[in-house]
Structures are given as C-alpha cells and as structure tokens.
Amino acid sequence: METVTLTYKRLPNRVNHFQQELLYLDDEVIVTSQRVKPSSPIVQNGETVLADNFAAVWFVFTGLWYDVGKVYNLNNEWTGYYCDVLKPVSRSLDVNGKLNRFEITDLFLDLWINPDGTYEIQDEDELEDAVQNGAIDAELERKALEVLKALIIETESGHVERRLQTVISRAGFPNLQDYIKTLP
C-alpha cells in the first residue's frame with residue numbers, strides 16, 4: 001500500500017508529521033488510514049470509543065473546513081466518527097504530480113459522532129485557551145464556531161454519513177472493517 005505524509009499543524013507553532021496509508025485520492029477527497037495516538041481517550045456512555053492504537057480511516061475533503069475519521073476499536077468494531085474542525089487541506093505533489101504530502105491546520109474544536117447519530121462537542125476549552133493566548137484571532141475563532149455549527153446540522157440531517165458513503169462507493173472500497181483488521 002502506498003503511504004503519504006500528513007503534516008499536522010496546531011497553532012501557534014506545533015507541527016507533527018504522520019505517515020498514513022493512502023487508500024484513495026481524487027480532486028474532492030484524500031482517504032488515508034492509521035493507528036491513532038490521541039492526547040486523551042474519548043469515553044461515551046461508559047465505553048471507550050477512541051484511544052491509543054485504535055484505527056481510523058480519514059476522509060479529508062478539499063475545500064471543507066473539517067475532516068472525518070471513521071474510528072475502529074482494538075476489536076475492529078466501529079465506534080463512531082471523529083471530526084476535526086480545521087483549515088482546508090493543502091496538497092503537495094512531487095515532480096511527477098503524485099501526492100506526497102498534505103497539510104492540515106487544526107482549529108481545536110472537534111465533534112465526536114456516535115453510531116446512533118448522537119454527538120458530543122470536544123475541546124471547546126482548547127479553543128478558548130487558544131483565543132486567550134493569541135494562538136488564533138477572533139475571526140478564526142468565529143469561523144471555527146461557524147464550521148462546528150454547520151457540521152452539527154450536517155450530522156443531524158445525515159449528510160455527513162451520506163458524504164462518506166458516496167466516497168466509499170466511488171472508491172470501490174471493500175468492507176472497511178475487514179481492511180482495518182489488516183492494519184499493523
């Protein structure tokens with residue numbers, strides 16, 4: 001499987017680089033996978049839904065201010081979606097025009113979506129700290145909050161799920177749960 005580098009920026013100056021498996025690419029979306037190492041676990045209804053070494057299939061949409069990770073636990077069971085509010089993706093191509101790196105800038109706010117469609121906003125405190133510390137300005141804060149509100153509306157209407165299913169169908173993916181079992 002082909003790999004690609006994700007450059008992940010967190011304002012004001014944190015930069016990390018992650019190697020991810022490139023599963024699918026077109027003008028509208030980059031789909032990758034990886035084992036995750038979150039800063040802290042997410043627990044919903046007493047069950048850990050995101051923790052170290054859980055698998056995620058990431059859908060990073062061109063021009064959108066969020067991405068969506070379809071998350072699977074250590075038993076390869078789907079636990080929900082993790083959505084990052086971020087600046088639109090930037091792509092970097094090699095001399096042959098092949099994607100070799102893409103870059104996202106995280107805007108602190110996140111949304112966890114449970115399989116039943118319920119959701120929980122994550123990291124509002126981190127956004128508040130970023131504003132107070134001058135890591136982001138009022139305009140970018142406003143945009144992040146606007147994106148979160150729109151993402152919630154898309155979640156409630158089922159649009160997020162339909163968007164992912166469209167990509168999965170277009171890409172001709174096999175069963176993602178079976179694929180996750182093969183990740184190291």
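This is a predicted model: local features need pLDDT of at least 70, side-chain atom pairs count only at pLDDT 80 or more; totals for chains, interfaces and linings use all residues.
1. Is Tyr82 buried or exposed? Tyr82 counts as buried, because its relative accessibility is 12%. Buried here means under 20% relative accessible area, exposed means over 50%, and partly exposed is in between (1.4 Å probe, protein chains only).

2. Residues are numbered from 1 along each chain as its sequence is written, and side-chain values use heavy atoms, with hydrogens and water left out.

3. Aromatic pairs. There are 3 of them in the structure. Rings of Phe, Tyr and Trp (its six-membered ring) pair if their centres lie within 6.5 Å; planes under 30 degrees apart are stacked, over 60 edge-to-face, and the rest tilted. One of the pairs is Tyr82 with Trp112: the ring centres are 6.4 Å apart and the planes stand at 50°, so this pair is tilted. The pair links distant parts of the chain, with Tyr82 in strand β8 (residues 78–86) and Trp112 in strand β10 (residues 99–113), 30 residues apart. Helices (H or I, at least four residues) and strands (E, at least two) are DSSP runs, numbered from the N terminus. Trp112 has 0% relative accessibility and therefore counts as buried.

4. Charges over rings. The criterion is NZ of Lys or CZ of Arg within 6 Å of the ring centre and within 35 degrees of the ring normal. Lys143 lies over the face of Trp65, 4.9 Å from the ring centre. Arg163 places its charged end over the ring of Phe61, at 5.3 Å from the centre.

5. Salt bridges across the chain. Side chains of opposite charge can pair when their charged atoms come close. The structure holds 10 salt bridges, each defined as a side-chain nitrogen of Lys or Arg within 4 Å of a carboxyl oxygen of Asp or Glu. Lys98 and Glu2 form one of them, at 3.5 Å from N to O. Lys98 lies in the loop between β9 (90–93) and β10, and Glu2 in the segment before β1 (3–10), so the bridge ties together parts 96 residues apart in sequence. Lys98 is partly exposed at 43% relative accessible area. Glu2 is also partly exposed, at 32%.

6. From β10 to β1. Glu103 and Lys9 make a salt bridge, their closest N and O atoms 3.3 Å apart. This pair again links distant parts of the chain: Glu103 is in strand β10 and Lys9 in strand β1, 94 residues apart. Glu103 counts as buried at 19% relative accessibility. Lys9 is partly exposed, with 28% relative accessible area.

7. Within α2. Glu146 and Lys143 meet in a salt bridge of 3.4 Å, N to O. Both lie in helix α2 (residues 138–157), 3 residues apart, about one turn of the helix. Glu146 is partly exposed at 39% relative accessibility. Lys143 is partly exposed too, at 21%. Elsewhere, salt bridges with shared partners join Lys9, Arg101 and Glu103 into one network.

8. Helix α3. This helix (residues 159–171) has 13 residues and reaches 18 Å from its first C-alpha to its last, close to the expected 18 Å at 1.5 Å a residue. The expected span is 1.5 Å times one less than the number of residues. Its buried residues are Val160, Leu164, Val167 and Ile168. They cover an arc of only 100° around the axis, which puts them on the same side of α3. The arc is that of the directions from the helix axis to the C-beta atoms. Gly172 follows α3, with a positive phi near 65°.
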